[in-house]
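Please find below a colleague's note on the model under review. It is set out as numbered points.

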Amino acid sequence: MEKKSSTEADVNAKWDACLDLTARRVVYSSLGGAFAGLLFFRSPVTRWASIAFGAGIGIGSAYTDCSRVFDASSSSTSATLLAPKSTETSVSQAAEE
């Protein structure tokens, strides 16, 4: 029985998470596009276009998040997504000084 290294297992876990994220976002965005197409458009071509647009949004969103996860592995930060820091607090602190 072959034992996998921790880095290989980590990369495999990231790929699994990214594939799961991609599948979910494509399906949910396509369903949203289908609902919007049924709600707003009469032509079948525009309905299919709204589904394709929704799927594209899902793929793009998943790609962005997965690239952040894989890029975080090369730096010292964790692989979780962090909220962007607000610049308002630093601006207000600088104004007080």
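1. Basis. The model is predicted, with local features requiring pLDDT of at least 70 and side-chain atom pairs counted only at pLDDT 80 or more, whereas totals for chains, interfaces and linings use all residues. Residues are numbered from 1 along each chain as its sequence is written, and side-chain values use heavy atoms, without hydrogens and water.

2. Elements. The protein contains three helices and zero strands, in the order α-α-α from the N terminus. Helices (H or I, at least four residues) and strands (E, at least two) are DSSP runs, numbered from the N terminus.

3. Of the 97 residues, 14% are buried (under 20% relative accessible area; exposed is over 50%, partly exposed in between; 1.4 Å probe, protein chains only). Among contacts (heavy atoms within 4.5 Å) with a separation of 6 or more, 62% join residues 24 or more positions apart.

4. Helix pair. Helices H1 (residues 6-40) and H2 (residues 44-72) pack at about 155°, their axes 7 Å apart. H1 is therefore roughly antiparallel to H2 (an angle over 145 degrees). The axes are lines fitted to C-alpha atoms over the stretch in contact, and angles run from 0 to 180 degrees between N-to-C directions.

5. Composition of the pair. The residues of the H1 contact with H2 comprise 14 nonpolar, nine polar and four charged. Here Ala, Val, Leu, Ile, Met, Phe, Trp, Tyr, Cys and Pro count as nonpolar, Asp, Glu, Lys and Arg as charged, and the others, Gly among them, as polar.

6. Tryptophan 48. This residue lies in helix H2 and counts as exposed because its relative accessibility is 61%.

7. Tyrosine 63. Tyrosine 63 also lies in helix H2, and its relative accessibility of 63% makes it exposed. Its C-alpha atom is separated by 8.2 Å from that of cysteine 18, 45 residues apart along the chain.

Terms used. Angles under 35 degrees count as roughly parallel, over 145 as roughly antiparallel, 65 to 115 as roughly perpendicular and the rest as oblique.
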